[in-house]
Amino acid sequence: MKFLPDQGNASAAVIGMGYVGSTVAAVLAGEGVNVVGIDVDPELVTRMERRRHRLAEPGLPELLYGGLDSGRLRVTTDYDPVSDADVVIIAVGTPVRDTELVDVYLRTACTELGKRLREGQLVILKSTVPPGVARKVVAPLLESGGLTVGEDFGLAFCPERLSEGQALRELRAFPIVVGGWCPDSAAAAAAFWRRTIGAEIIDCTSLESAEVVKLASNWWIDHNIAMANDLAKLCAVLDVDVLEVIDAANTIPKGTGSVNILLPSVGVGGSCLTKDPWMVWRAARDRDLELDTIPVAREVNDSMPAYTAALIVEELARLGRRPEQARVAVLGVGFKNNTGDLRATPVLPVVARLRRDGAEVVLHDPLADPGEVEKIFGLAPVETAREALSGADCVAVLARHDRFAEIDLVALREVVAPSCVIVDGRAYYPRETIDRFRRHGYAYRGIGR
């Protein structure tokens, strides 16, 4: 097969050992592929080599370090090993600033790779990019070393579609979208993923089609959450439970599936949903097309931290406490449940608003790196839930990790203030749990509940 060895496991290089790159490299190494991971951050590489790199993904540290121990995986800051790999996977960050793609990391990686490409290699781009970037930016930079895409080496776009907290399972279980520069590139990429992780393949007819697939998915999720958040606000003023409404509404068949309203929360964060819709919006505007719904959905979701902070202040007032008199225990500071990732976490503006209002805020999150929490929030987290809840007038559950199931708020009732409210920003407690809280003297308030 052109651009892929006909037999045996192909070797791979992964450029960018952040969340996506580490996951891909660890899974491939676990499947017996010889992998070299490349990252320009020497501190990150050193931490990985010493088995001290903190990774929020469940199971990822063990799999990654197992690959290092077996010799199937090695990590380096040196680009030269890419020449020895059969397949090179680009997984560098592609942030957005003021709706514009910041492509410096992508351009650097492609330029360095272009200098070292050899005939017969396959390059797979996994970094999320606006439509047209693979063809107009990546391909020319890769060709700068003298080889020709489609003739001397293959190029495919296979978007990253993983959700934090479940990435290892999803990488093996989800279909992989493949769009190639040419039929040979697409065939080689599809064969690589089938051979290594047994993935089902969804073929796209072009690079651009595959690029839009990833953006469309996150565009839909962001819109859906915005609707859920507005629905929660409506339910709040109507004094009905938004989760009851969503559960009932989602029973209606529609098209090939059913109505599927997602859940409201303290806000949208992470590295994808906060930027991918803006990539779509910018791509449309650059082609003289206005997409009006994207700014509206982004505004709704960006408003939720302030809405949540105001809800906390309102509930404290019901208890006769002004913010400057109150102690607020925040459980969970990651951008969503079951991750310690703090990128664009909506918990940060909630905490900032409460502190500006004079409240004493205490943070607890067993999944987040304490040093990163202190750096980003300006507060050192406490180690235990009991310490966080001690004397609290409000317990704000803003990211409910599975490990929080060990925290019995009723059993800890004696350590909080005599009058204490539980604010549910993302826990989605069932009705029987809420009733139990209230029987034991807690007040309760949720987003739309």
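Contact here means heavy atoms within 4.5 Å. Hi everyone, keep that in mind as we go.

We are looking at a predicted model, where local features need pLDDT of at least 70, side-chain atom pairs count only at pLDDT 80 or more, and totals for chains, interfaces and linings use all residues. Residues are numbered from 1 along each chain as its sequence is written, and side-chain values use heavy atoms, with hydrogens and water left out. Helices (H or I, at least four residues) and strands (E, at least two) are DSSP runs, numbered from the N terminus.

Let's start with the sheet. Eight strands make an open sheet with mixed pairing, in the order β3-β2-β1-β4-β7-β8-β9-β10; two strands pair if DSSP finds at least two bridges between them. From one strand to the next, the twist averages 25°. For angles, axes are lines fitted to C-alpha atoms, for helices over the stretch in contact, and values run from 0 to 180 degrees between N-to-C directions.

Now zoom in on β2, residues 35-38. V35 and G37 on one side, and V36 and I38 on the other, are all buried, meaning under 20% relative accessible area with a 1.4 Å probe, protein chains only. Strand β2 runs parallel to β1 (residues 12-15), joined by four bridges, and V14 stands opposite G37. The chain gets from β1 to β2 through helix α1 (residues 19-30), in a right-handed β-α-β crossover: with the strands pointing away from the viewer, the path from the first strand over the helix to the second runs clockwise. Four bridges also join β2 to the parallel strand β3 (residues 73-76), where R74 is the bridge partner of V36.

On to the helices. Helix α7 (residues 183-197) lies across β1, β4 (87-90), β7, β8, β9 (176-180) and β10, at about 155° to β9. Helix α5 (residues 133-143) also packs on the sheet, touching β7 (122-125) and β8 (154-157).

And which residues of α1 meet α7? They are V24, V27 and L28, facing F192, W193, T196 and I197 in α7. The two helices pack at about 60°, with axes 9 Å apart. That makes α1 oblique to α7, since angles under 35 degrees count as roughly parallel, over 145 as roughly antiparallel, 65 to 115 as roughly perpendicular and the rest as oblique.

Definitions and conventions: Buried means under 20% relative accessible area, exposed over 50%, partly exposed in between (1.4 Å probe, protein chains only).
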